[in-house]
Amino acid sequence: MAYDASINKRFTDETDGLTGDFWVQSLSDGTPILIRELAETDRDKDLTFFNEISIGKPHFRFLASFSQLDDTHDQLMDIDLPNRMAYIALAHEGNQLNEIGTARYGAFQGDAHCEFAVAVCERWQRRGVATALLQHLMDTATRQGFRKISSMDSSGNEAMHELAMSMGFTSRNDEEHGPQIFHEYILAP
């Protein structure tokens, strides 16, 4: 599908008035996406995205399933630099601008290490969305003074393992808390 300047214009309309970081970039197939900071106005859009990701994703993303999605989502909406940041990826699907992915990090006050999670809806996987989201998240973590970023994931989450390896993370199995893989990256000082 060919994309023209009108799609980029629609992204410009979406970003008018934003104060945080955002990027319009093309995936490897030329599809334009918008990556920007999560905003309070995204609450419904983000909850819809969260509800639509496939059944196994919440487990992979959080190493647990949960019964009270709204309470968990409230925690995910809490962005407070430098300790918490979230980016969402948006793309036009037909005439609708939809959230297609999200990446977040969190840390305790004063930590030099932050933990991250990334999720991309199934129809957009393996197109570079997760790579773009994670790269922006890592860049922000570096600017905020973090020295290390990591993720603990289910050993069955092959997509996350491939993403981590492609971005230069080191990985090790952690059987202490079940079959998990610990991914770690040392950020530039």
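**Helices, core and aromatic cluster of a predicted model**

Me: Helix H2 (residues 43-52) lies across several strands; at about what angle does H2 run to S4?
Reply: In this predicted model, where local features need pLDDT of at least 70, side-chain atom pairs count only at pLDDT 80 or more, and totals for chains, interfaces and linings use all residues, residues are numbered from 1 along each chain as its sequence is written. Side-chain values use heavy atoms, with hydrogens and water left out. Helices (H or I, at least four residues) and strands (E, at least two) are DSSP runs numbered from the N terminus, and axes are lines fitted to C-alpha atoms, for helices over the stretch in contact, with angles from 0 to 180 degrees between N-to-C directions. Helix H2 lies across S2, S3, S4 and S5, and the angle at which H2 runs to S4 is about 85°.

Me: Which strands are the edge strands of the open sheet?
Reply: Eight strands form this sheet with mixed pairing, in the order S1-S2-S3-S4-S5-S6-S8-S7, two strands being paired if DSSP finds at least two bridges between them. The strands that pair on one side only, and so form the edges, are S1 (22-26) and S7 (170-174).

Me: At about what angle does H5 run to S3?
Reply: Helix H5 lies across S1, S2, S3, S4, S5, strand S6 (148-154) and S8. The angle that H5 makes with S3 is about 150°.

Me: Is Thr-140 buried or exposed?
Reply: Thr-140 has its place in helix H5, and, leaving aside its neighbours within four places in sequence, is in contact (heavy atoms within 4.5 Å) with Leu-81, Met-85, Tyr-87 and Tyr-105. Burial is read from relative accessible area (buried under 20%, exposed over 50%, partly exposed in between, with a 1.4 Å probe and protein chains only). Because the relative accessible area of Thr-140 is 2%, this residue is buried.

Me: How many residues apart in sequence are the parts tied together by Phe-116 and Phe-169?
Reply: The two rings form an aromatic pair (ring centres of Phe, Tyr or Trp, the latter by its six-membered ring, within 6.5 Å; planes under 30 degrees apart stacked, over 60 edge-to-face, the rest tilted) that is tilted, at 5.6 Å centre to centre and 50° between the planes. Phe-116 is buried at a relative accessible area of 6%, and Phe-169 is buried at 5%. Because Phe-116 lies in strand S5 and Phe-169 in the loop between H6 and S7, the separation of the tied parts in residues is 53.

Me: Which residues form one aromatic cluster?
Reply: The rings of Phe-169 and Tyr-185 also form a tilted pair, with centres 5.3 Å apart and planes at 45°. This pair links distant parts of the chain, 16 residues apart, with Tyr-185 in strand S8. Tyr-185 is partly exposed, with a relative accessible area of 26%. The members of the cluster are Phe-116, Phe-169 and Tyr-185.
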